[in-house]
Amino acid sequence: MYELVQRSTRCALIVALALGGLVGVAGARESEAPAQDISNVLLTFHLIEADGFADEDPEISDVVTELRKLFNFGGYRLLSTSVFNVGLMVESSGRSTTGNGSQRIIPSDSTTPLTISAVVSSRRSTGSVRARVTLTDETTRPTEGILFASEERPLLEASVTMRDGQRVVLGSLRRTVEEPVLILVVTPRMVP
């Protein structure tokens, strides 16, 4: 059963990334001014549950419009909003900057803690960042002092290049067959 969930997660992620990239490109704005070096990136993550919800969630109404173009679900509701700042440090080569951050969240209607982690990098003067984002179920993490035969497996792992203000659907996943589909959306705000 775990293999079926893992396989469907991979398929959903690939489809969502392929289509999600289109959503981000459609909303991207090209700047005529030369790009400045980025020193901080404020990442806003929306964890959304897709199911047969009849009511509109006003907090994510703009996101739902785009999600309806990608997925065929009856409704969507916001489970969690996470915002964290990633400070970027210049690497020794001087050509790029990198940084990382993470945040533990507990989605509404759940007692299962999740962790969102991001490793962010930027080439000097490109105006865009590359982020590797991981969503991990805290209940699958090894406990200190206990050995596990299998490695910790993230629920979702994606790498994406983004511009300032571009909303990107990173992927969708279903933890088990009985649980609803979760969708992770990220929006970066870059500070020169």
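Reply: Helices and strands here are DSSP runs, a helix (H or I) having at least four residues and a strand (E) at least two, numbered from the N terminus. On that basis, the protein chain of this predicted model has 2 helices and 9 strands. From the N terminus on, their order is α-β-α-β-β-β-β-β-β-β-β.

The open sheet is built from 4 strands in the order 2-1-9-8, and its pairing is antiparallel. Strand 2 (75–87) and strand 8 (168–173) are the edges; each has a single partner strand, so one side of each has no neighbour in the sheet. On average, neighbouring strands of this sheet are turned by 20 degrees against each other, direction ignored.

In general, the strands of a sheet pair through backbone hydrogen bonds, either parallel or antiparallel. Here, strand 1 (residues 40–51) and strand 2 run antiparallel and are joined by 12 bridges. One of the residues involved is Asp51, whose bridge partner in strand 2 is Gly75.

Helix 2 (residues 61–70) packs on this sheet. The helix touches strand 1, strand 2, strand 8 and strand 9 (181–191). Its direction makes about 110 degrees with that of strand 2.

The protein chain exposes about 10900 Å², of which carbon and sulfur atoms supply 51%. Among its contacts between residues at least 6 apart in sequence, 60% join residues at least 24 apart.

Key:
Residues are numbered from 1 along each chain as its sequence is written. This is a predicted model: local features need pLDDT of at least 70, side-chain atom pairs count only at pLDDT 80 or more; totals for chains, interfaces and linings use all residues. Side-chain values use heavy atoms; hydrogens and water are left out. Two strands pair if DSSP finds at least two bridges between them. Axes are lines fitted to C-alpha atoms, for helices over the stretch in contact, and angles run from 0 to 180 degrees between N-to-C directions. Contact means heavy atoms within 4.5 Å. Accessible areas come from the Shrake-Rupley method with a 1.4 Å probe; for residues, only the protein chains shown count as cover.
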